[in-house]
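Here is a short note to read beside the sequence and the model. Please keep both open while going through the points.

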Amino acid sequence: MDRIMAIAHILGYPRIGEKRELKFTLESFWKNESSELVLHQTGCELRKTNWQKQQDAGLEFISAGDFSYYDHVLDHSVLFSATPTRFGFKGKALTQQDYFALARGNADQPAQEMTKWFDTNYHYLVPEFGPETEFLINAHEFLSQIDEAIATGAKVKPNLLGPVSFLYLGKSRAADFDRLSLLPALCAEYAVLLNELTYRGIEWVQIDEPALGLDLDQQWLDAYKDAYARIRNNRPKLLLTTYFESVARYAPNITALPVDGIHIDLVRAPEQLGVWLAVLPSHWVLSAGVIDGRNIWRNDLENTLETLIPVEKKLADRLWIAPSCSLVHVPVTLTHEQNLDAEIKPWLAFSDEKLQELNVLQQALTHGKESVKESLAASSNAILSRRLSTRVHDKKVSERLSKINTISPERTSSFVQRSTLQKQRLNLPLLPTTTIGSFPQTTDIRASRSAFRRSEISASDYQAIIQKNIRNAIEQQLQLDIDVLVHGEAERNDMVEYFGEQLAGYTFSQNGWVQSYGSRCVKPPIIYGDVYRPAAMTVEEARYAQSLTTRPVKGMLTGPVTMLQWSFVRDDQPRDQTALQLALAIRDEVDDLQKAGIAIIQIDEPALREGLPLQAGKWADYLAWAVRAFKLSASVADDSTQIHTHMCYAEFNDILPSIANMDADVITIETSRSAMELLDGFGEFKYPNEIGPGVYDIHSPRVPSVEAMEKLMERALQVIPADRLWVNPDCGLKTRGWPETIEALKNMVQTAKNLRLKL
Ligand code: GLN
Ligand code: ZN
């Protein structure tokens with residue numbers, strides 16, 4: 001006899017399409033090469049396909065309102081007419097152009113600020129609130145997508161960002177403005193929208209409150225009570241949705257809310273299940289997020305069922321099952337992967353495959369395991385094949401790792417002693433000039449690389465082209481009179497993929513794209529096994545570049561934390577173990593570079609800060625292993641080898657002790673957009689080593705003036721002594737063109753020369 005029907009659902013589906021259809025339509029629309037109609041047709045088709053997939057997988061609901069032409073938080077601002085007043089869109093029906101102006105800026109206004117969605121690589125457009133903010137429901141687009149979903153005949157669960165998280169994720173330009181003062185007015189509009197959904201026959205609404213995963217103070221916690229009391233009448237049932245962290249510590253606050261259920265992330269925080277089972281109000285549903293929405297590994301379905309079956313016994317039809325979070329954080333489908341290793345492919349599950357997994361779980365819970373015997377066996381086989389694979393486990397790596405405590409993460413001597421030796425060896429002027437690593441990736445370079453990949457040109461032809469670019473980069477830098485040169489990274493498609501391709505333990509998908517923001521997608525490499533370095537990765541280019549000049553040319557590496565952070569990582573061992581393996585691989589490269597006579601080696605760690613856990617209580621542990629990994633990669637350097645690191649987009653003040661503890665001889669950071677304010681923290685902290693605060697923003701083609709850069713450096717000199725300061729741009733120059741790069745660097749070198757005369 002069938003048991004109660006288990007309810008399966010998802011929290012959101014990728015909107016970019018199997019082959020990035022949305023990206024290509026958006027970009028052609030922006031270039032005026034295709035019409036608004038085509039854009040909307042593409043959107044409509046993508047939604048239809050996504051819903052069909054969900055129906056085919058037997059989900060109880062299809063997810064609606066999760067689609068967006070750019071970003072769902074932007075859509076949410078539009079939904080409540082809460083777009084920044086500076087655009088002057090108030091009271092106006094927004095055109096498609098207006099919408100994109102908010103996201104990308106227009107002739108008069110810069111775009112809304114963009115920032116990372118929690119600890120993901122998805123970027124949302126930060127809502128701007130102020131005393132002038134007024135909310136007015138503007139639901140035409142939202143409701144038309146809901147109606148479109150209803151028209152499929154399926155049961156529809158609309159997706160809404162909750163009022164408290166919406167305010168929390170926004171920011172205010174006005175000083176001292178309390179965003180929570182907007183809550184009553186905002187909730188009044190939510191109430192109108194929810195009434196409208198009731199009227200449409202919607203039974204459940206998914207209301208996302210991911211801010212509950214963060215450290216909230218009392219004021220914000222109280223806001224939940226206030227907000228949900230204001231929207232309690234004449235509305236569909238609400239599934240309060242949380243993800244990325246445990247929300248168990250707020251259980252007393254949450255269970256007091258007038259909602260009808262909660263979704264919890266049991267992949268990131270499985271330990272919270274017990275708490276929720278104990279306190280779940282008797283009329284609530286519990287949506288168990290058991291399939292990883294942040295990673296690409298196939299689920300161990302037998303294992304998951306072991307967790308779910310007792311829960312189902314207790315909750316019966318009040319148990320729902322789902323991925324841990326929206327699937328926008330994973331690629332769409334494995335269907336088009338032709339080149340993935342045959343052994344590895346069955347270990348993976350992208351969004352479409354995760355829908356199938358949900359389906360199997362749902363069948364097993366409803367009709368018993370027997371009914372899906374074959375699917376469960378296939379899952380177990382894949383799990384077993386992965387667990388036992390000789391491709392995953394490498395004895396040499398585990399042996400080396402077991403002895404890792406014998407490798408000191410510290411350099412031989414203190415910074416002061418190293419600095420003396422390095423100054424003798426390098427003989428640099430005061431305020432040395434340098435760049436961050438990459439020079440323009442011209443269409444020529446890219447075309448040659450694709451030709452090489454398609455075997456249209458030979459390896460030696462390709463190498464000759466790379467050498468020509470290195471030669472050109474060195475010549476340009478010598479002509480500019482830069483003190484510490486770089487080879488320009490012409491051979492690198494991407495700072496992680498380039499190394500991943502040369503390391504054991506990495507594999508790559510063809511179509512595993514994930515939306516980063518708007519039309520921008522990334523394809524993170526996949527770390528599936530023990531990582532080690534079979535052969536030197538950068539030595540040849542470094543040696544060649546150094547052979548062209550007597551000035552030092554920096555060796556250029558990506559650090560272990562960034563390699564980890566920007567890949568899909570193993571879930572069969574803790575992240576810190578993978579970081580240590582990466583650290584040893586990079587360490588080997590540092591060693592080889594210095595043996596090849598390279599005197600300065602830069603180990604980039606732009607992703608160090610974004611790896612910080614969402615809850616501050618977990619920071620210390622993360623920082624300890626992340627910093628150790630970096631140091632292990634660097635500590636093989638002789639005292640006279642100068643280690644640089646680089647970080648961008650970062651707020652540093654709260655992690656300065658850790659950055660200092662990394663003990664890089666030189667750190668280059670992005671500062672120009674904050675007019676060097678960022679440096680104050682370094683000054684107050686008495687940061688001991690050398691710093692290169694970026695003197696110009698490489699994100700724009702604008703050529704900065706000598707005066708502007710001098711002013712910035714003078715500000716820097718007030719905080720950091722001249723003998724510990726470098727002069728460099730904010731970040732690498734790969735997205736720039738050569739002419740503007742030369743002009744900007746000319747001015748940068750002049751800045752350093754002017755200042756040297758004044759000192
Ligand atoms: N060395 C890299 C470059 O110059 C650093 C890029 C980064 O920090 N994101 O491109
Ligand atoms: Zn950078």
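1. A residue is called buried if 20 or more other C-beta atoms lie within 10 Å of its own, exposed if 12 or fewer, and partly exposed in between, with C-beta atoms placed from the backbone. By this count F439 is buried, because 26 other C-beta atoms lie within 10 Å. Of the 759 residues of the chain, 47% count as buried.

2. On reading the model: it is predicted, local features need pLDDT of at least 70, side-chain atom pairs count only at pLDDT 80 or more, and totals for chains, interfaces and linings use all residues. Residues are numbered from 1 along each chain as its sequence is written, while chains are lettered from A and ligands numbered from 1 in the order in which they are written.

3. Overall build. The chain has 26 helices and 21 strands; helices (H or I, at least four residues) and strands (E, at least two) are DSSP runs, numbered from the N terminus. The radius of gyration is 27 Å, close to the 27 Å that the globule rule gives for 759 residues, so the chain is as compact as a globular protein of that length. That radius is taken over C-alpha atoms, and the rule is 2.2 Å times the number of residues to the power 0.38. Along its principal axes the C-alpha trace spans about 80 × 60 × 50 Å.

4. Contacts. Two residues are in contact if their C-beta atoms, placed from the backbone, lie within 7 Å. Among contacts with a separation of 6 or more, 78% join residues 24 or more positions apart.

5. First annotated group. The UniProt annotation "binding site", from an unreviewed entry, covers H646, C648, E670 and C731. They span 86 residues in sequence, yet no two of their C-alpha atoms are more than 8.7 Å apart, so they gather at one spot. UniProt positions are given in the numbering used here, feature names are shortened, and annotations may be inferred rather than shown by experiment.

6. Two cysteines of that group. C648 is in the loop between β19 (642–647) and α23 (656–662), and C731 is in the loop between α25 (706–719) and α26 (738–758). C648 counts as buried because 20 other C-beta atoms lie within 10 Å; C731 counts as buried because the number for it is 26. Beyond four places in sequence, C648 touches P606, E670, D730 and C731.

7. Second annotated group. The "binding site" annotation in the unreviewed UniProt entry also covers I436, G437, S438, E489 and D604. Although spread over 169 residues of sequence, these cluster in space, with a largest C-alpha distance of 13.0 Å.

8. Two members of the second group. S438 is in the loop between α15 and α16 and is buried, because it has 22 C-beta neighbours inside 10 Å. Apart from residues up to four places away in sequence, S438 touches G488, E489, G732, L733 and K734. D604 is in strand β18 and is buried, because it has 25 such neighbours. The contacts of D604, leaving aside neighbours within four places, are M495, L557, T558, G559, T562, T645 and H646.

9. Which residues are closest to ligand 1? They are I436, G437, S438, P606 and G732, out of 13 residues that surround the ligand. A residue is near a molecule if its C-beta atom, placed from the backbone, lies within 6 Å of it. By class, this shell has 6 nonpolar, 4 polar and 3 charged residues. Ala, Val, Leu, Ile, Met, Phe, Trp, Tyr, Cys and Pro count as nonpolar, Asp, Glu, Lys and Arg as charged, and the others, Gly among them, as polar.

10. Back to F439. This residue lies in the loop between α15 (415–426) and α16 (443–453). F439 touches A473, G488, L733 and T741, not counting residues up to four places away. The C-alpha atoms of F439 and R736 are separated by 7.7 Å, although the two are 297 residues apart along the chain.

11. Two backbone points to check. F244 has a positive phi of about 80° although it is not a glycine, and S455 has a positive phi of about 60° without being a glycine. F244 is buried, because it has 26 C-beta neighbours inside 10 Å, whereas S455 is exposed, because it has 8.
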